[in-house]
Amino acid sequence: MAFGKPPDGGWGWVIVVVSFFTQFLCYGSPLAVGVLYLEWLDAFGEGKGKTAWVGSLANGIGLLASPVCSICVSSFGARPVAIFSGFMVAGGLMMSSFAPNIYFLYVSYGIVVGLGCGLLYTATVTITCQYFDKRRGLALGLISTGSSVGLFIYAALQRELIELYGLDGCLLIVGALSLNILACGSLMRPLESSSSPPPEKMCVDKVPDQYFVYHEKEKTVEENISILEKGYIDEKPVNNVPDCKQDSILNKNVLSSINVNEKDTYKKKVVEQTNFCKQLAKRKWQLYLTYWKETMVLFKNKVFSALFVAILLFDIGGFPPSLLMEDVARSANISEDDYFMPLISIIGIMTTVGKLVLGILADFKWVNTLYLYVTTLLMTGVALFAIPFAKSYLTLAMLSGILGFLTGNWSIFPYVTTKTVGIEKLTHAYGILMFFAGLGNSLGPPIVGWFYDWTQEYDTAFYFSGFCVLLGGFLLLLAALPCWNACTQQSSKLPPNTYSYKVASNA
């Protein structure tokens, strides 16, 4: 469907507001799952690694299923998907309140809520891009802060609800709040389609699909020419009649001859279906081959290859603090009376600040966004190494703020991807990178939890996390050095539309 011109305002601002609240409502609990993590540890008595799978699945499954989410939004539209996903998120949260064991939570909270969040994220981004063109960056920046604000508020809200109503009551109330997503989704009015097609196309649209198969394959496959000549030689119209009228006359003649010779008609239908299936299979196979060829071309770019390793290692090492920081404080015997604010709330509010500040820095021409992103990775690795030395609430709060700010590098990640592969291949490359980011989100917290179960302390776990992030940052830095760009420029085998970072950044 062809959409009309983006209005860059009007109802688009309503879309921005409801998309903000949609991300606020759906991502608030999964991002602040560290508060629930402590309660699940006490309720089920399982290991930290096994329990951490619940929160990691909720945050990673949406990224892993991003291709499926995109297909759903493209097929059914943003509003139906948002409403359906609202039921998924609310239902998953409410079902989790009745969980008899940790394995039930894997499905109810990890998969159902996580997949619903992934669908809602895709729906909000898609509908916002349809309504905005010139102000698309501003609109996307505004709705992306919804998840960070949700993390900030839900961390304190869920803790208060647990004290008042217990874990089960907290999940029921949070699930009920998520039903407001249905109201937000109902306001996601699709953008009106562009003007109707020209009259000459309307006649063609009325012809059944099977004749399009014949019409298209007449030009490429000689077998279909003979089939058509044998089947329709007596009904062939005058050559002076326009193509559209010829097809409609042919359609009428075939329908009128069904009762005359049913056996021939059946054979013709078999031939039609056989040719259609062959053509469809051939096209699908060509699409798969094209996809893998484009993927291989992307990985020939050294910076892109290093970028996918960096994002995987960053999410393995950088995501666990947002889930486990509360348990780190409890393991350090920090009293809750010393808490001025939940550590997860500090991470959430500083992530919002980081997204805005880093996004603004990326817009300056003198700032190299790739080196800016590498700097955030290296600083994150150093901050993770410092966590084992933090033994008070103040030091943990400072590290939480630093890690939250640096996690805001998600706002510049699309910039880095665009500069690396070019705008033409952004969608393909970004989908691959988000898959590996989801894989890192899913594996990071359980790995850290397993380290604790093995050593009975978090020090080794965060040394491992810091090493992963630093390794990814150094690999990306080495790949982006000017010497690689010089080698790339000397190579004449680069396919078109594939650029080194230096070339793309100067474009």
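**Exercise 1.** How many helices and how many strands does the secondary structure of the protein chain contain?

*Solution.* The model is predicted, so local features need pLDDT of at least 70 and side-chain atom pairs count only at pLDDT 80 or more, whereas totals for chains, interfaces and linings use all residues. Residues are numbered from 1 along each chain as its sequence is written, and side-chain values use heavy atoms, with hydrogens and water left out. Helices are DSSP runs of H or I with at least four residues, and strands are runs of E with at least two, numbered from the N terminus. The protein chain has 23 helices and zero strands.

**Exercise 2.** Describe how helices α4 and α5 pack.

*Solution.* Step 1: two packed helices are described by the angle between their axes and the distance between the axes. Axes are lines fitted to C-alpha atoms over the stretch in contact, and angles run from 0 to 180 degrees between N-to-C directions.

Step 2: α4 (residues 66-76) and α5 (residues 78-96) pack at about 125 degrees, with axes 7 Å apart. The two helices are therefore oblique to each other; angles under 35 degrees count as roughly parallel, over 145 as roughly antiparallel, 65 to 115 as roughly perpendicular and the rest as oblique.

Step 3: Cys72, Val73 and Phe76 of α4 meet Ala78, Pro80 and Val81 of α5.

**Exercise 3.** Which residues does leucine 36 contact, leaving aside its neighbours within four places in sequence?

*Solution.* Contact means heavy atoms within 4.5 Å. On that basis, leucine 36 touches Ser29, Tyr109, Gln158, Ile162, Leu167, Cys170 and Leu171.
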